[in-house]
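The sequence and the model come first.

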Amino acid sequence: MPNIKSQIKRVEISAKENANNSAKKTRVKNAIKKFNAAIDAKDIKTAEALLPETVSLINCAKSDGVFHANTAARKIASLNKFLHALQIGAPILPAVKVSKKPIAAPVVEAVAAPVVKAVVAPVVEAPVKKTRKAKA
């Protein structure tokens with residue numbers, strides 16, 4: 001805990017800002033979840049109604065510094081892409097997070113391959129280069 005008065009104030013202010021930023025992020029996440037639920041239900045009208053609200057929340061969070069501009073643009077583009085795919089009737093692939101865990105490879109029986117012996121060339125050493133002695 002800081003002893004200096006101004007630093008005590010900064011700790012309090014940063015805690016409030018952190019709470020506000022977390023609340024804004026949560027609002028954006030919940031709006032995106034609502035939009036995705038409408039997309040999963042194939043409800044075009046609801047999705048079209050939720051899109052401007054969700055985009056507005058993302059832009060507000062961007063302008064407040066909660067999201068980087070590229071992050072906000074990526075989120076908005078993916079929402080638009082899902083709505084457009086629903087409108088034209090294209091199959092919608094869910095945004096799936098890729099696991100970092102390695103996938104176990106299927107067990108495959110070894111097929112007997114013909115054995116080929118490799119011809120090994122003899123190793124020839126390069127001649128040692130004579131160097132001058134260092135001057136003392």
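Against which helices do the buried residues of H2 pack? They pack against helix H1 (5–40) and helix H3 (69–88), where packing rests on contact, meaning heavy atoms within 4.5 Å.

## Model and conventions

This is a predicted model, in which local features need pLDDT of at least 70 and side-chain atom pairs count only at pLDDT 80 or more, while totals for chains, interfaces and linings use all residues. Residues are numbered from 1 along each chain as its sequence is written, and side-chain values use heavy atoms, with hydrogens and water left out.

## Overall content

The protein has 3 helices and 0 strands, and from the N terminus on its elements run α-α-α. Helices (H or I, at least four residues) and strands (E, at least two) are DSSP runs, numbered from the N terminus.

Of the 136 residues, 16% count as buried; buried means under 20% relative accessible area, exposed over 50%, and partly exposed in between (1.4 Å probe, protein chains only). Among contacts between residues at least 6 apart in sequence, 52% join residues at least 24 apart.

## Helix H2

H2 covers residues 44–63, 20 residues in total. From first C-alpha to last it reaches 29 Å, close to the 28 Å expected at 1.5 Å a residue; the expected span is 1.5 Å times one less than the number of residues. At Leu50 there is a kink of about 30 degrees, shortly before the proline Pro52. The bend at a residue is the angle between axes fitted to the seven residues ending there and the seven starting there. After H2 comes Gly65, with a positive phi near 90 degrees.

The buried residues of H2 are Ala47, Leu50, Leu51, Thr54, Val55, Ile58 and Ala61. An α-helix has 3.6 residues a turn, so residues three or four places apart point the same way.

## H1 against H2

The axes of H1 and H2 are 9 Å apart and the helices pack at an angle of about 160 degrees. That makes H1 roughly antiparallel to H2. Axes are lines fitted to C-alpha atoms, for helices over the stretch in contact, and angles run from 0 to 180 degrees between N-to-C directions. Angles under 35 degrees count as roughly parallel, over 145 as roughly antiparallel, 65 to 115 as roughly perpendicular and the rest as oblique.

H1 passes H2 in a left-handed crossing; a crossing is left-handed if the near helix is turned anticlockwise from the far one by less than a right angle, and right-handed if clockwise. Residues of H1 in this contact include Val28, Ala31, Lys34 and Phe35, and those of H2 include Ala47, Leu50 and Leu51. Lys34 is exposed, with a relative accessible area of 57%. Lys34 and Ala47 are 13 residues apart in sequence and 8.6 Å apart in space, C-alpha to C-alpha.

## H3 and its two neighbours

H2 and H3 have axes that come within 10 Å and cross at roughly 175 degrees. That makes H2 roughly antiparallel to H3. Among the residues making this contact are Ala47, Leu51, Val55 and Ile58 of H2 and Ala72, Ile76, Leu79 and Leu83 of H3.

H1 and H3 pack at an angle of about 15 degrees, with axes 10 Å apart. That makes H1 roughly parallel to H3. Ile32, Phe35, Asn36 and Ile39 of H1 make the contact with Lys75, Leu79, Phe82, Leu83 and Leu86 of H3. This crossing of H1 past H3 is left-handed.
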